[in-house]
Amino acid sequence: MKHEGWDLVDALGLELDTQKLDKLEAFEVLIRERAIPLGMVATADAGRLRERHINDSLRAATVVSATDRTAYDLGSGAGLPGVVVAIACSELRMRLVESRRPRAAFLQLVVDRLDLTNTEVTNERVEMLREPVDLCFSRAFARVGVAWRAADRLLLPGGHLVYFAGEHFDRAELPEDVISNLVRTSALARSGPLVIMSRQ
């Protein structure tokens, strides 16, 4: 089966085999058929799910290192970016954290349907998390300062928060007590940068 419309995978330098591309496409279908009717993704995005959500989320897979073993997707919602990163980085153990039960139920359906053995759903508030991890992901979860405060106590030494900033992100919004690096993706011109944050 030929997979089309995944040019960004090459542009990002990612190597995704047929099985991973199959899972990404199946996830796209589940978002269209289940998440959009539930109001988890805007109806207006139905025709551009791959560009606006799947490809955007794939950017985060490029910052996962070989030493990263565990991650939280904070306020996972429809599983963006957590499910996408879990598919692309199958050796990373991902926990999709979502406090709203209907959304957590959708995420569990996704995990089961796609057989994501490296992924589990945690139906609780971020404040209840205790296990430290290497990475936290934040996309449409909270403003950068709030996201950092949530992630800071959960990160192992040397860990990072991967924050999806908006197109008009201002570095002045960053907390003063963090080290940050902005990663921009020219292939997605309208996407804001990824802000990679760690403790000083």
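This briefing covers the sheet, the helices around it, the cysteines and some backbone details.

The model is predicted. Strand β1 is mostly covered, with five of its five residues buried. Helix α3 is largely enclosed by the rest of the structure, because eight of its 10 residues are buried. The disulfide count is zero.

- In general, strands of a sheet pair through backbone hydrogen bonds, either parallel or antiparallel.

**Strand β1 and its partners**

- Strand β1 spans residues 70-74.
- On one flank, β1 runs parallel to β2, and five bridges join the two.
- Within that pairing, Tyr 72 has Arg 95 of β2 as its bridge partner.
- β1 also pairs with β4 (residues 133-138), in the parallel sense and over four bridges.
- Here Leu 74 stands opposite Ser 138 of β4.
- Both faces of β1 are covered.
- Thr 70, Tyr 72 and Leu 74 are buried on one side, while Ala 71 and Asp 73 are buried on the other.

- Helix α2 (residues 18-35) packs against α5 at an angle of about 150°, and the two axes are 11 Å apart.
- The crossing of α2 past α5 is right-handed.
- From α2, the contact takes in Phe 27, Leu 30, Ile 31, Arg 34 and Ala 35.
- From α5, Phe 106, Leu 109, Val 110 and Arg 113 take part.
- By class, this contact has seven nonpolar residues, two charged residues and no polar ones.

**Helix α3**

- Helix α3 covers residues 49-58.
- Its buried residues are Leu 49, Arg 50, His 53, Ile 54, Asn 55, Asp 56, Ser 57 and Leu 58.
- The cover over these buried residues includes α1 (7-11), α2, α4 (82-88) and β5.

**Helix α6**

- Helix α6 spans residues 144-152.
- Val 144, Gly 145, Ala 147, Trp 148, Ala 150 and Ala 151 are its buried residues.
- Strands are among what covers them, including β1, β4, β5 (155-164), β6 and β7 (194-199).

**Cysteines**

- A disulfide is a covalent bond between the sulfur atoms of two cysteines.
- Cys 89 is in no disulfide.
- Its nearest cysteine sulfur belongs to Cys 136, 15 Å away.
- That distance is too far for a bond, because a disulfide requires cysteine sulfur atoms within 2.5 Å.
- Cys 89 counts as buried, at 14% relative accessibility.
- Cys 136 counts as buried too, at 0% relative accessibility.

**Prolines**

- Leu 80 and Pro 81 are joined by a cis peptide bond, with omega about 15°.
- Pro 81 sits in the loop between β1 and α4.
- Pro 157 is in strand β5.
- Pro 157 counts as exposed because its relative accessible area is 79%, and the cut-off for exposed is over 50%.
- Pro 157 and Ala 42 are 115 residues apart along the chain, and their C-alpha atoms are separated by 37 Å.

**Positive phi in loops**

- Asp 115 is a residue other than glycine with a positive phi, near 55°.
- Asp 115 lies in the loop between α5 and β3.
- At 52% relative accessibility, Asp 115 is exposed.
- Ala 140 is another residue other than glycine with a positive phi, near 60°.
- Ala 140 belongs to the loop between β4 and α6.
- At 80% relative accessibility, Ala 140 is exposed.

Note on methods. Residues are numbered from 1 along each chain as its sequence is written. This is a predicted model: local features need pLDDT of at least 70, side-chain atom pairs count only at pLDDT 80 or more; totals for chains, interfaces and linings use all residues. Side-chain values use heavy atoms; hydrogens and water are left out. Two strands pair if DSSP finds at least two bridges between them. Axes are lines fitted to C-alpha atoms, for helices over the stretch in contact, and angles run from 0 to 180 degrees between N-to-C directions. A crossing is left-handed if the near helix is turned anticlockwise from the far one by less than a right angle, and right-handed if clockwise. Contact means heavy atoms within 4.5 Å. Ala, Val, Leu, Ile, Met, Phe, Trp, Tyr, Cys and Pro count as nonpolar, Asp, Glu, Lys and Arg as charged, and the others, Gly among them, as polar. Buried means under 20% relative accessible area, exposed over 50%, partly exposed in between (1.4 Å probe, protein chains only).
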